[in-house]
Structure formats: structure tokens, C-alpha cells
Amino acid sequence: MDRSLQAEVGEASRDVQFLAKISHEIRTPLGAVLGFADLLSQEPASEEERRNFLAAIVRNGESVMRLVDDLLDYSRIEAKQFKLDHQTFSLRSLLQEIREDMELRAKEGGIILKVDELVDDVSLSSDSLRIKQILANLLGNAIKFTSQGSVRLRTQIVDNVAVGRFIKVIFLIEDTGIGLSHMEMHRLFHPFSQADTSTALRFGGTGLGLVISRELARLMGGDVRLLASQPQVGSVFEVSLVLERQTHS
């Protein structure tokens, strides 16, 4: 088999894997939505059961929406058509919003979420919604893969690398989760893949969150890196961004 034909076969195989993965990730929550909707329409249920059914419908519907949003973001990034929406925001307020958004998920998983507060606030200009998306992806993964212990978000402002009005902001996401082996680390930032098959079967997910987060961070002059990980001990991820500091006269 010549190289061009091998390349075509490899590409076709990846396309089939992609379709199978996405189909599974869409069908699973959609099946739950339809199942609980059917229960609501046919079975006499108590008020508590109805609330639980509706909560499950909303939760699984939101899962489908997140997947669609990830696919749209990934396609824009791949097509080099992704644009950031710059606005002025308070870094301290953004961290407070992230903590509020993620606390319920952490409590449901039975773990402690720690978000270190800034000693001094700073006003920045960038796409705050996309920064929240990056942090939500990383924190969401940390919570999902941590069965006991804690997840912590720390923030560092590195003034000594300032260039003009721009400063470097570093977020560290630390967890006490399942961790990764050296071999598994190499697959982390591949789209539509997770550390291994058993992880994908147990936890689900497309693996797009990390890929999108890294590309968004790079659009902001930074990166997403895995600093350290050890099986059954935990992982530490670093998000670095170069952001414009706003000064008030």
C-alpha cells in the first residue's frame, strides 16, 4: 500500500472514530432526556419524583448544549475564524464567579473546592467569558476525576514579565484525583481522546475541553500545560495568559 493510500485510510479511520465518539456522546444524554420525559408523561409520580425527573432532563439537555458549543468552538479554531471579544473586567470578581459556578458541582462530587482570593484586585481587558470557559473546563475536569479530597485554584500575577500595559496571569489548578501515568500524558491534548479507553468509558467526554482551552489560552498569548501528575495522587495544570492591565487616571 503506497503512502497516499495509507494516509487516506488513516484519515477515513479517524473520521469513523470521530463520528462514533460524537454519536455516543450525543445519544447518551438525549436518551436520558427522552426517557425521563416519557416517565413524566406516562407514570403517576410524586412531586419529588417530578422534580428529580425534570432536574435530570435539564442536566442532560445542558450536557448536549455543552457538546454542541464545544464542537462549534473547535470548528472555528480549526478554521482560524475564532475571535476574542475584549472587555474590561475585575479579576477578583471573575474568580468569585468561577467559585460560585463550580461549588455545586464540587459538593455533588463530595469534594472540597478551594479558590484562593487575590490580595490585590486588578482590572484587565480581554475576553472574560473565554477565560471563565478555560477555567471551568480545567476545574470541571479536576472535579470529575477526583473522587475524594480537594480541587484548588490559585492565581499569580507575574509583574516582572510585564511588557507595556500587558502582564502575565497564571492560574494553577491542583487536584487529588486519579492522576495520569507518563504514557497517558501524551494523549491529553489530542481532540476526541482521553487518557485511555477505561477512563472514557467510566467518565465519558470527548476530550475537546482541554484542546479548546489550550487554543483559547494561546490566542491570549499564553498556554495550558500539565505541570505534574501521578496516578492516585493527583495533577497540577497551569493556565498562563498575557492580558492588558487597565489603569484608571
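# Notebook: salt bridges, a core and a ring pair

Entry 1: I began with two charged side chains: Arg-76 and Asp-73 meet in a salt bridge, 3.2 Å from N to O. I kept in mind that this is a predicted model. The two residues are three apart in helix 2, so about one helical turn separates them. Which of them is buried? Asp-73 is, because its relative accessibility is 5%, under the 20% limit. Arg-76 is partly exposed, with a relative accessible area of 35%. I then found that Arg-130 joins Asp-73 and Arg-76 in a network of salt bridges.

**Entry 2: other bridges.** How many salt bridges does the count come to? I noted 11. One of them pairs Asp-223 with Arg-218, where the closest N and O atoms are 3.2 Å apart. Arg-218 is partly exposed at 42% relative accessibility. In another, Arg-225 meets Glu-238, with 2.9 Å between the closest N and O atoms. This pair links distant parts of the chain, since Arg-225 sits in strand 6 (residues 223–230) and Glu-238 in strand 7 (residues 234–245), 13 residues apart. Arg-225 is partly exposed at 42% relative accessibility, whereas Glu-238 is buried at 12%. As a reminder to myself, side chains of opposite charge can pair when their charged atoms come close.

**Entry 3: stepping back.** I looked next at the whole protein chain, which has seven helices and seven strands. Read from the N terminus, its elements run α-α-β-α-β-β-α-β-β-α-α-α-β-β. Of its 249 residues, 40% are buried. I also checked contacts between residues at least 6 apart in sequence, and 70% of these join residues at least 24 apart. The chain exposes about 14700 Å², with carbon and sulfur atoms supplying 52% of that area.

**Entry 4: the core.** Which residues touch the most other members of the largest nonpolar core? They are Ile-131, Leu-153, Phe-171, Ile-173 and Leu-241, out of 45 residues in that core. Helix 4 (residues 128–144) gives the largest share, seven residues. In soluble globular proteins, nonpolar side chains tend to be buried together.

**Entry 5: aromatic rings.** I searched the whole structure and found one aromatic pair. Phe-36 and Phe-53 form this tilted pair, 5.7 Å centre to centre with 40° between the planes. It links distant parts of the chain, as Phe-36 lies in helix 1 (residues 3–42) and Phe-53 in helix 2 (residues 47–78), 17 residues apart. Phe-53 counts as buried at 15% relative accessibility, while Phe-36 is partly exposed at 26%.

**Entry 6: two more residues.** Phe-166 belongs to strand 5 (residues 166–175) and is partly exposed, with a relative accessible area of 36%. Past its neighbours within four places in sequence, Phe-166 contacts Val-242, Leu-243 and Glu-244. From Phe-166 to Arg-245 I noted 5.8 Å, C-alpha to C-alpha, across 79 residues of sequence.

Entry 7: The protein chain averages a pLDDT of 85, and 83% of the residues score at least 70. Over residues 5–10 pLDDT stays under 50, and there the model has two contacts beyond four places in sequence.

Conventions
Residues numbered from 1 in each chain as written. Predicted model: local features only at pLDDT ≥ 70, side-chain atom pairs only at ≥ 80, totals over all residues. Heavy atoms only, no water. pLDDT = per-residue confidence, 0-100. Contact = heavy atoms within 4.5 Å. Helix = DSSP H or I, 4+ residues; strand = E, 2+ residues; numbered from the N terminus. Buried < 20%, exposed > 50% of the residue type's maximum accessible area, 1.4 Å probe, protein only. Areas by Shrake-Rupley, 256 points an atom, 1.4 Å probe, with all protein chains shown as cover. Core = buried A, V, L, I, M, F, W, Y, C linked by side-chain atoms within 4.5 Å. Phe/Tyr/Trp six-rings, centres within 6.5 Å; stacked < 30°, edge-to-face > 60°. Salt bridge = Lys/Arg side-chain N within 4 Å of Asp/Glu carboxyl O.
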